[in-house]
Every structure is written in structure tokens, then in C-alpha cells.
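Visitor: I'd like to walk through this one with you and learn how to read its features. Shall we bring it up?

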Amino acid sequence: MKFLILALFVAGAYSCGLPTYPPVVTRVVGGEDVRAHSWPWQVSLQYLSGSTYYHTCGGTLISNEWVLTAAHCIGSRTYRVYIGKHDLSANNEAGSIAISPERIIVHENWDSYNIRNDIALIKLSTPVTFSNTIGAACLPNAGEILDDGAPCYVTGWGRLWTGGPIADILQQALLPVVGHSTCSRPDWWGTLVTTNMICAGGDGELASCNVSLMTRSEMKSCGSLQCRHRLCVFLLSLTLVAPLSSVRETLVAP
């Protein structure tokens with residue numbers, strides 16, 4: 001519990017969820033380039049192949065030394081976390097830094113078959129300094145659920161369309177919250193969704209996968225869902241079907 005309090009204190013001390021450059025958010029449904037560094041907690045998790053690192057998943061900076069990502073993104077590879085990035089094609093981008101993990105914690109109850117507890121934490125080998133390009137997202141209060149239709153956004157560098165190229169410029173897309181009564185219908189996710197999960201999207205065309213855009217028929221775990229609330233941005237769910245409580249449970253893991 002002491003560790004949890006410390007992690008939240010560090011994020012709060014630097015005004016979590018309040019970027020120097022506020023995002024230009026609209027209700028336009030569809031992926032679009034973000035304003036540079038307007039989601040300063042967005043990170044690129046990259047793996048080493050040969051002598052080159054490649055983007056594999058997104059993640060969210062939740063303190064100056066912890067990153068939240070998906071359990072399915074973690075394997076036996078060598079990783080690094082790129083923080084403060086806007087354009088993945090730009091080398092030595094101003095305001096960005098690549099840091100190796102000191103420790104990676106995958107949720108002990110991660111279930112890849114039923115897509116349960118798809119959460120992992122990465123402790124950075126060196127604490128990052130918050131700046132105009134790097135900041136932490138806020139974690140929501142336990143049990144906090146937004147109203148059906150509340151505007152939330154998914155961000156990342158995933159594929160722009162099924163089988164298409166990976167975006168170089170960080171993308172954002174509007175994904176409104178969908179209530180459990182709708183999300184659990186047979187023509188939606190059915191029994192796969194529990195009351196501990198948050199659903200978003202619902203236009204039948206747009207959702208996210210590995211922080212990329214995908215059609216709803218491509219059932220996989222998904223990207224960071226971020227919602228503007230009380231002038232802050234809260235990370236509500238690592239995936240569209242991840243238990244919110246798992247975030248806090250994992251934070252206090254030994």
C-alpha cells in the first residue's frame with residue numbers, strides 16, 4: 001500500500017493529466033494526427049530485433065518511473081520505452097527519451113484466452129523528468145464509471161486500417177463510453193464482458209487494438225482509453241475489456 005500511495009503522490013505532484021499543450025479534441029469519429037505532445041503520457045513500447053528497435057505497443061506513463069501497458073505486449077524480447085515521442089520516424093526527436101526497463105510485472109492472473117487482466121507494469125531503469133513533452137496520466141478513483149456516451153479517446157501509433165501501415169505520427173480517435181447493458185448484448189461482446197470492464201466505441205467501424213484502429217469484428221484487446229474529466233485526463237482502462245481494479249491491484253504487487 002505504501003508503494004501505491006507513493007506512485008500516486010508522484011503523479012499528483014506534477015499535475016497529472018494536465019498537458020502543457022492541450023489536445024485538440026473534437027467529436028469527429030475517426031483517427032487523426034494529434035497536436036504534438038498533447039498526450040504527454042503516451043509512450044511507445046519497442047522491442048529489439050537485430051540492431052534495431054521496433055514499435056510493438058503503446059503504453060501510458062502513470063508516474064515518473066512506472067508505465068502501464070498490456071500483458072499481451074510482453075514476451076521474452078529485449079524492450080525499451082520511448083517517452084515524449086510524437087513522430088516515430090524522427091530520430092533524436094526533441095523532448096523525447098528512450099529508457100530501458102528495470103522490471104516488468106505482468107498481472108499474475110493474465111488470461112489470454114478469455115482476455116482477462118491484460119495488464120502489465122514496467123518500472124523504468126531511470127526515473128523520467130517531467131517536462132513540456134513528458135507527463136503522467138491520472139488513474140481514476142476505484143469504481144469510477146462515466147456515463148454512457150461520455151467522450152473518451154484512444155491514442156497510439158497502430159495500424160491506420162486493417163493490414164495497413166503503422167502510423168508515424170501519434171493518432172487519436174474518439175471512442176464514446178458504451179454502457180454494460182449494451183456492450184454485453186449477444187450482438188456485441190456478450191458474456192466476454194463483465195461488470196468490472198469498460199466498453200467504448202460502438203459505431204461498428206472504429207475501435208482499437210494494440211493502440212491501433214480496427215473494426216469491431218477483430219476481437220482483440222485494445223489500447224489506452226483516456227477521458228477528459230474535471231479538467232484532467234484519466235486512464236480509465238488499459239483495454240476496452242480490462243478490469244479497472246486490476247490496475248491498482250498490480251501497482252501494489254511486491
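Visitor: Which residues does Val67 touch, not counting residues up to four places away in sequence?

Guide: Before that, some ground rules: this is a predicted model, where local features need pLDDT of at least 70, side-chain atom pairs count only at pLDDT 80 or more, and totals for chains, interfaces and linings use all residues. Residues are numbered from 1 along each chain as its sequence is written, and side-chain values use heavy atoms, with hydrogens and water left out. A contact means heavy atoms within 4.5 Å. With that cut-off, Val67 touches Val43, Gly59, Thr60, Leu61, Val81, Ala120, Leu121, Ile122 and Leu124.

Visitor: How many residues are in the largest nonpolar core, and which have the most contacts inside it?

Guide: In soluble globular proteins, nonpolar side chains tend to be buried together. A nonpolar core here is a set of buried Ala, Val, Leu, Ile, Met, Phe, Trp, Tyr and Cys residues joined through side-chain atoms within 4.5 Å; buried means under 20% relative accessible area, exposed over 50%, partly exposed in between (1.4 Å probe, protein chains only). The largest core has 26 residues, and Leu45, Leu61, Val67, Val81, Ile83, Leu124 and Val128 have the most contacts inside it. The elements giving it two or more residues are β2 (42-49), β3 (52-61), β5 and β8. Another core, of 11 residues, lies apart from it, with Leu175, Val177, Ile198 and Leu225 among them.

Visitor: How many helices and strands does the protein chain have?

Guide: Helices (H or I, at least four residues) and strands (E, at least two) are DSSP runs, numbered from the N terminus. The protein chain has three helices and 16 strands, and 52% of its 254 residues count as buried.

Visitor: What about Asn117, is it buried or exposed?

Guide: Asn117 is buried, at a relative accessible area of 14%. You'll find Asn117 in the loop between β7 (101-106) and β8 (120-124), and it has a positive phi of about 55° although it is not a glycine. Asn92 also has a positive phi of about 55° without being a glycine, but Asn92 is exposed, with a relative accessible area of 73%. The loop holding Asn92 runs between β5 (79-83) and β6 (97-99).

Visitor: Which side chain makes a polar contact with the side chain of Asp118?

Guide: A polar contact is a pair of N or O atoms within 3.5 Å; within protein, one must be able to donate a hydrogen and the other to accept it, and residues adjacent in sequence count only if both atoms are side-chain atoms. For Asp118, the partner is the side chain of His72 (2.7 Å). Asp118 sits in the loop between β7 and β8.
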